[in-house]
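I opened a new page in my notebook for this structure. My plan was to look at the whole chain, then at a few places in it.

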Amino acid sequence: MAIEEKYIEVKGLKWFYREAQPQSSNRNQTEQPPVLLLHGLPAQSYTWTEVMPDLAERGYRAIAPDWIGSGLSAKPDTRDFPYTPDAFIDALGSFIAALEIEKFHLVIQGFLASVGVQYALRHPEQIARLAILNAPVTTDARLPWPIQQLGIPLVGEMMTQDPLLVDRTLEKGSGFAISDQDLDIYRRPFLNSSAAGRALFTTVRRLQLKTAMAEIEAGFPSWQQPTLIIWGQADPWLDFSQAENLAKFIPNSQLVPLEGVGHYPQEHWSQKVSDALLPFLRRQEV
């Protein structure tokens with residue numbers, strides 16, 4: 001199943017996104033809501049390229065954007081984009097509106113992608129189902145040192161200009177080596193321009209994790225949409241107990257633990273992710 005690479009300009013910001021369309025013969029008679037997949041730090045939409053064909057083959061339109069400041073999307077100066085959670089949430093809403101998407105399934109993973117959960121809590125009428133993979137979503141979450149240091153003045157400004165930060169962060173979080181082929185894609189923005197490093201530095205500095213987690217934790221008890229929590233139990237940064245606590249907050253939730261899987265489940269265990277995600281999306285609610 002081919003994945004298309006596309007650009008769209010929305011309110012002066014150029015978004016890059018990947019899209020996998022189902023073949024007409026695979027579509028259900030009733031069109032399914034599309035699936036929007038959001039990446040964390042310091043990944044890109046490329047992280048979802050093993051899962052997206054599985055979704056398309058089951059009749060779902062799969063869309064994975066690079067966040068503003070990441071991958072091949074725009075990396076504006078802070079005068080034009082403040083890189084705060086509210087800025088990302090507003091930009092995401094504009095991106096969704098530009099694609100003329102009214103209702104969708106949302107899948108998020110990692111630090112920064114948690115702003116997608118904030119978006120969902122603020123716009124529940126747009127969300128059909130929510131899937132969370134190893135992401136900060138409770139007040140117990142802390143920014144791990146490998147990411148935290150990327151936002152330290154001077155030190156972080158130097159580190160985010162080194163393309164090898166991608167190797168160190170992704171491999172530290174996952175516990176496994178990333179292939180050279182994949183690393184070539186993840187490193188490319190940092191090799192092409194210093195803007196990628198500056199955007200990452202500013203994003204980490206302005207993540208406002210404590211405030212964001214308070215909003216998420218306060219919002220989940222009244223959340224009604226079906227929610228799937230897929231959690232790599234070997235995550236060195238987000239303990240499995242956070243997933244268990246999250247499941248208690250959400251009335252209509254399902255927790256799927258993945259033994260031996262780290263912070264980025266979709267990187268090395270994409271089939272396990274698809275095996276959990278697809279039945280959840282297709283499940284009939286009683």
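My entries follow, from the whole chain down to single residues.

**Entry: the model.** I noted at the outset that this is a predicted model.

**Entry: overall build.** I looked up the secondary structure. The protein chain has 12 helices and 8 strands. I then checked the radius of gyration, which is 18 Å. The globule rule gives 19 Å for 286 residues, so the chain is as compact as a globular protein of that length. I also took the box along the principal axes. The C-alpha atoms fill roughly 55 × 40 × 35 Å.

Entry: I asked how much of the chain is buried. Of the 286 residues, 59% are buried.

Entry: Residues 24 or more positions apart account for 78% of them. For the charges, I found 25 positive and 33 negative. Their mean positions lie 3 Å apart.

**Entry: helix 2.** I picked out helix 2, which covers residues 85–98. From first C-alpha to last, its 14 residues reach 20 Å. That is close to the 20 Å expected at 1.5 Å a residue. I then checked its cover. Helix 2 is mostly covered, with 10 of its 14 residues buried. Among the buried ones I listed Phe88, Ile89, Leu92, Phe95 and Ile96. Pro85, Ala87 and Gly93 are also buried. An α-helix has 3.6 residues a turn, so residues three or four places apart point the same way. Just after helix 2, I came to Glu100, which takes a positive phi of about 60 degrees.

**Entry: Ala212.** I moved on to helix 9, residues 209–219, where Ala212 sits. Is Ala212 buried or exposed? Its relative accessible area is 4%, so Ala212 is buried. I also looked up how far Ala212 is from Gln109. The two are 103 residues apart along the chain, and their C-alpha atoms are separated by 15 Å.

**Entry: Ser274.** My last stop was helix 12, residues 270–282, which holds Ser274. At 2% relative accessibility, Ser274 counts as buried because the cut-off is under 20%. Which residues does Ser274 touch, leaving aside neighbours within four places in sequence? I found contacts with Val51, Asp54 and Pro279.

Conventions:
Residues are numbered from 1 along each chain as its sequence is written. This is a predicted model: local features need pLDDT of at least 70, side-chain atom pairs count only at pLDDT 80 or more; totals for chains, interfaces and linings use all residues. Side-chain values use heavy atoms; hydrogens and water are left out. Helices (H or I, at least four residues) and strands (E, at least two) are DSSP runs, numbered from the N terminus. The radius of gyration is taken over C-alpha atoms; the globule rule is 2.2 Å times the number of residues to the power 0.38. Buried means under 20% relative accessible area, exposed over 50%, partly exposed in between (1.4 Å probe, protein chains only). Contact means heavy atoms within 4.5 Å. Lys and Arg count as positive and Asp and Glu as negative; His and the chain ends are not counted. The place of a charge is taken as NZ of Lys, CZ of Arg, CG of Asp or CD of Glu. The expected span of a helix is 1.5 Å times one less than its number of residues.
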